[in-house]
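Please read them with the sequence and the coordinates open.

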Amino acid sequence: MNKLKIAVIGAGAAGMMAAIAAADNAEVTVFEKNDKPGKKLFITGKGRCNVTNDSDMDQILLNIVTNRKFLYSALYDFTNKDVENFFEKNGVPLKVERGNRVFPESDRSADIISALKHAMKEKHVFVNYNTEVKNIIVEDGAACGIVLDSKKKIYFDKIIIATGGASYPVTGSDGYGMTLLEKNGHTVKPLRPALVPMNAKEEFVKDLQGLSLKNINVTFYQTGKRKALYDEFGEMMFTHFGVTGPVILSASSVIGKKLKDDNIVMSIDLKPALSREQLDERILRDFKENINKDFRNSLDKLLPKSIIPVIISLSGIDQYKKVNEISKEERLKLLELIKNFRLTITSLRGMNEAIITSGGINVKEINPGTMESKIIRNLYICGEMIDVDALTGGYNLQIAWSTGNLAGRSASEVE
């Protein structure tokens, strides 16, 4: 019996995993418009590649922001443990770091790409580089081939499309596959940058540029509302335009949808380990040690050097005022600034700085048990093209591996 012939469009994380899964039962040909595979994968995790997260499945699902129920089948079918086993078997020793983030021991994303290339070669997957697919051939409601940029038509039994989102367009992830599917009847949910830095209104952020804060707590609120939109402990950094860093990137996926309605208030607790009472005692102790000094010279043990002038300015306390002359009211205002250092977030940065894309192909148009399109038979959709996204920590790559594997396995099943 002749094997099924399957085309995979895109050689990113999801596409390569789909090709590997499909190649057990089918002849697989991959079409990639770049000159090499995994171009975006290469730069993930600052070039270290946060492959997955080693938490239990409940925790993984909790970190998925958009349409988590849609992913149940894919994630349970090819779990984080399956991903770890796959890379270990393909010659990449892994390690688990803070927050259960999984990385290659070598800290080299190139090793992850090499493992995927090796697995494709072992399974006789043929890869065409520098080849752009211009359209999908659909006959009688079923995908049956592709049209290349050379206008050449090639016919296949099944098509898997995994061309990525619209973030980091320099890697080729420019949303063109979603446009392709939209032309063929699919709906694309509005695309927004996710896991992306934020712009702040306050001018003083420029004075804080480059300052990294560890062990802080950030809380985001809609203007005039008390209920927190997002709250997390961790690390962040100031930039010339606003803020970035792990807690900021994760928060962006949650608050992005709300920003179109209004500015968002970001509150930083610079000393979350101390209650207000404990912090007041700490300030009093520092003041006692510096009793005859100017206020500006009394905060070195309490705060990073570069933030002290900003805190002093916001406190309204004269920087040359002697510590022993500071009133209780002024001291409590200082305390409040440290526990509730506020910024006004006006917008997210653009797609060219976003790690992933929020939005994409409507999940209602995809069978969650197979990744097959409900609009076009024999067409399978996986990876970042789908309207699913998660927080930082390896969760988005896990979605890519799981949906890619399910699409590949489902497409190659003989009916």
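1. Helix α10 is followed by G316, whose phi is positive, near 80°. The helix itself covers residues 308-315, and its buried residues are I308, V310, I311, I312 and S315, where buried means under 20% relative accessible area, exposed over 50% and partly exposed in between, with a 1.4 Å probe and protein chains only. Helix α11 and strand β18 (341-348) are included in what covers these buried residues of α10. Helices (H or I, at least four residues) and strands (E, at least two) are DSSP runs, numbered from the N terminus.

2. On provenance, this is a predicted model, in which local features need pLDDT of at least 70 and side-chain atom pairs count only at pLDDT 80 or more, whereas totals for chains, interfaces and linings use all residues. Residues are numbered from 1 along each chain as its sequence is written, and side-chain values use heavy atoms, with hydrogens and water left out.

3. For the chain as a whole, there are twelve helices and 21 strands, and the C-alpha atoms fill a box of roughly 90 × 45 × 35 Å, taken along the principal axes. Of the 415 residues in the protein chain, 56% are buried. Among contacts (heavy atoms within 4.5 Å) between residues at least 6 apart in sequence, 72% join residues at least 24 apart.

4. How do helices α9 and α11 cross? The axes of α9 (residues 276-289) and α11 (residues 328-339) come within 10 Å and cross at roughly 120°, the axes being lines fitted to C-alpha atoms over the stretch in contact, with angles from 0 to 180 degrees between N-to-C directions. The two helices are therefore oblique to each other, given that angles under 35 degrees count as roughly parallel, over 145 as roughly antiparallel, 65 to 115 as roughly perpendicular and the rest as oblique. On the α9 side the contact is made by R276, L279, D280, I283, L284 and F287, and on the α11 side by R331, L332, L334, L335, E336, I338 and K339.

5. The largest nonpolar core has 81 residues, and those with the most contacts inside it are V28, L41, F87, L116 and W401; such a core is a set of buried Ala, Val, Leu, Ile, Met, Phe, Trp, Tyr and Cys residues joined through side-chain atoms within 4.5 Å. Leaving aside neighbours within four places in sequence, W401 is in contact with A13, M17, L41, V51, F78, V83, F87, I112 and L116. Apart from this core lies another, of 49 residues, among them V196, I216, I283 and L391.

6. G12 is found in the loop between β1 (4-9) and α1 (13-22), and counts as partly exposed at 24% relative accessibility. Not counting residues up to four places away in sequence, G12 touches E32 and G38. The C-alpha atoms of G12 and T163 are separated by 7.3 Å, although these residues are 151 residues apart along the chain.

7. K46, in the loop between α2 (39-43) and β3 (52-53), has a positive phi of about 55° although it is not a glycine, and is exposed, with a relative accessible area of 84%. D140, in the loop between β8 (133-139) and β9 (142-148), has a positive phi near 50° and is likewise a residue other than glycine; at 73% relative accessibility, D140 counts as exposed. As background, most residues other than glycine have a negative phi.
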